[in-house]
Amino acid sequence: MKIRRISAAAAAVAAGALVLTACSSPAPQSEIDETTSVNVSWNQPMFSTNNLTSNGNATANANVIYLMTSFFNYYDGDLNLAKNEDFGTYEVESEDPLVVKYTINDGVTWSDGEPVDAADMILWWGAQNDMFDTASGDDVESGDDGSVTAPEGSVFFDSSSPAMNLITEFPEISDDNKSVTFHYTEPRSDWEVSMSQPSPIAAHAVAEIALGIDDPTEAKNALIDAFKNNDAAALAPISETWNNGFNFTSLPDDERLYLSYGAYIISDYVENQYVTLTKNPDYTWGPEPKVDSITIRYTEDPLAAVTALQNGEVDLIAPQSSVDVLATLEGIDGVSYSSEQEGTYEHVDLTFNNGGPFDPAAYGGDADKALKVRQAFLKTIPRQEIIEKLIQPLEEGATTRDSFTVVPGSPNYDEVVANNDSSLWADVDIEGAKALLAEAGVTTPVDVRFLYGKSNVRRANEYQLIAQSASQAGFNVIDNGDDNWSSLLGGGTYDASLFGWQSTNTFALNSEANYITDGVNNFGGYSNPAIDELYGQMSTNTDADVETQLTIDIEKQLNADAFGVNIFQFPGVVAHRDVLQGVSTITLSPTIFWNYWDWEISASDSLDAPSATETE
């Protein structure tokens, strides 16, 4: 899975991030006690504790959920997959067919005291398995707030996992409800990250709310039975609650919406300002954190984040890099920072299924005409100009990213790029774009509604450069910039979108959900059976050379279909006050949060750092 990061970020994810108010702090207590708190600046508020839905799949949510949940495995600082056997274990019982057994240790509980058990793992599997849906994405209406509404009485889980879809037999549950065994219909090369945790939200909470059951054990049994029996009457309200019930932008009255089985529990959330997570006193099944609370404060303005760091309002930031940000950080005493390339990359995707200029339906089903219009538009995107004007001032040697799936610097990146036909979009070709529109017989100007994060300065500048260039070929690029752009993804209200993807694992299949038919991250409605087949081959392949060739074949097809273009790898910066020790980052989600248990306040400096030592 990839996560939308707003940019600053998200990007990221995303895939991205949105409009945030300036940093705002809860009123500090007048006395300093022995508790410690770390304040982190981020560019987008969380809006859901369920990041498995297409709406909730965003970096802003993933960061908070990482602090609130536990995992069978996680990526360490060297991007090695590390097991957390204090939480649970998993073992391959058979390789052909693939059978994997997961066991959660005794004593692991949700923050309301209810055990984390088989019901949570069944919810992870069932909610991402398409066989339970009685409605499709075409039947569903999406709200501006990211909610989804399916036809009354129908089952629709707003998520899909290719791996979970390979488990068609109801899983085996142990007598003590602590183990679940999954039988795959075919091997899956990324099985080890296909189920990394039981569930971001509690199964008993979902069932209690959806089915009106008060007893948590009864609720879990009802949820298990609903999936076991494929009971649409029960699964319909369960799916609606799972899709929409865990979205919020301030602290809910119902604590079931933010139950935790991780190191921290949400204790306060003020809309568009900050969320505070406090140490879970019962947590013993993972690395023990050293700080008592973490407050994530929201501001999309990178310079405002730097100012907050300088003033001691926050202790750690990872803002969108800019010349001004780097220059300001350079002059701040007591602050350390590093500037390096991130795992997030910027890209433009086109929409294939909304009746707009890139959809064959707009031309009576003429796929060739729609293809020519897509090709023409992509030829106008000034990738090199964007790099030179916006990225090279931050990273002198920056170049375009020319792969849909492979990170620059990876061992096979150069080979993939040399053979994936990304050269089609290497340079702006206005005359070529005009010729394609003429061949298509399309009357200009061609209106293109363009979605991006409007409050993000860099993205606003990218939009201006793209709109200006495309206008020369006959495109009227309409400003559909929106502060809440991530909630609009997949809604069909735009024709082209600009945001970023941030990877969550190192497997080649990490990109699958972006491009396969009905993939959870395939927001533009793209569908090509050839792509689906190639990813099917990749899912069972274990040969590195074959994987590289499959990657090339996938990317050649995406370019042949004019899916979209990639622009650049994010130039990143991470800065923290020297009073905060243990800060590290990785190029996968959750980046700066990955080793929160190593964060520690320097005792020698604690009295000089009120924001890191005051109880909030």
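What share of the 616 residues in the chain is buried? Buried residues make up 59% of them, where buried means under 20% relative accessible area, exposed means over 50%, and partly exposed falls in between (1.4 Å probe, protein chains only).

A quick word on the ground rules. This is a predicted model, in which local features need pLDDT of at least 70 and side-chain atom pairs count only at pLDDT 80 or more, while totals for chains, interfaces and linings use all residues. Residues are numbered from 1 along each chain as its sequence is written, and side-chain values use heavy atoms, leaving out hydrogens and water.

**Overall build**

The chain has 17 helices and 21 strands; these are DSSP runs numbered from the N terminus, with helices being H or I of at least four residues and strands E of at least two. Its radius of gyration is 24 Å, close to the 25 Å that the globule rule gives for 616 residues, so the chain is as compact as a globular protein of that length. That radius is taken over C-alpha atoms, and the rule is 2.2 Å times the number of residues to the power 0.38. Along its principal axes, the C-alpha trace spans about 70 × 60 × 45 Å.

**Salt bridges**

The structure holds 16 salt bridges, each a side-chain nitrogen of Lys or Arg within 4 Å of a carboxyl oxygen of Asp or Glu. Here are some of them:

| Pair | Closest N to O |
|---|---|
| Glu 512 and Arg 188 | 2.6 Å |
| Arg 256 and Asp 254 | 2.8 Å |

Take the pair of Glu 512 and Arg 188. Glu 512 lies in helix α14 (residues 512-515) and Arg 188 in the loop between β10 (179-183) and α3 (191-194), so the pair ties together parts that are 324 residues apart in sequence. Glu 512 is buried at 6% relative accessibility, and Arg 188 is buried too, at 5%.

With Arg 256 and Asp 254, both partners are partly exposed: Arg 256 has a relative accessible area of 28%, and Asp 254 has 26%.

Glu 385 and Lys 389 sit four residues apart in helix α10 (residues 383-391), about one helical turn. Glu 385 is partly exposed at 28%. Elsewhere, salt bridges that share partners join Glu 114, Asp 117 and Lys 220 into one network.

**A negative patch**

Glu 91, Glu 93, Glu 169 and Glu 172 form a negative surface patch; such patches take residues with over 30% relative accessible area and no salt bridge, joining like charges within 9 Å. Glu 91 is placed in strand β5 (residues 88-95) and is partly exposed at 44%.

Notes:
Patch = residues over 30% accessible without salt bridge, like charges linked within 9 Å, V, L, I, M, F, W, Y side chains within 5 Å. Areas by Shrake-Rupley, 256 points an atom, 1.4 Å probe, with all protein chains shown as cover. Lys, Arg positive; Asp, Glu negative; His and termini not counted. Charge placed at Lys NZ, Arg CZ, Asp CG, Glu CD.
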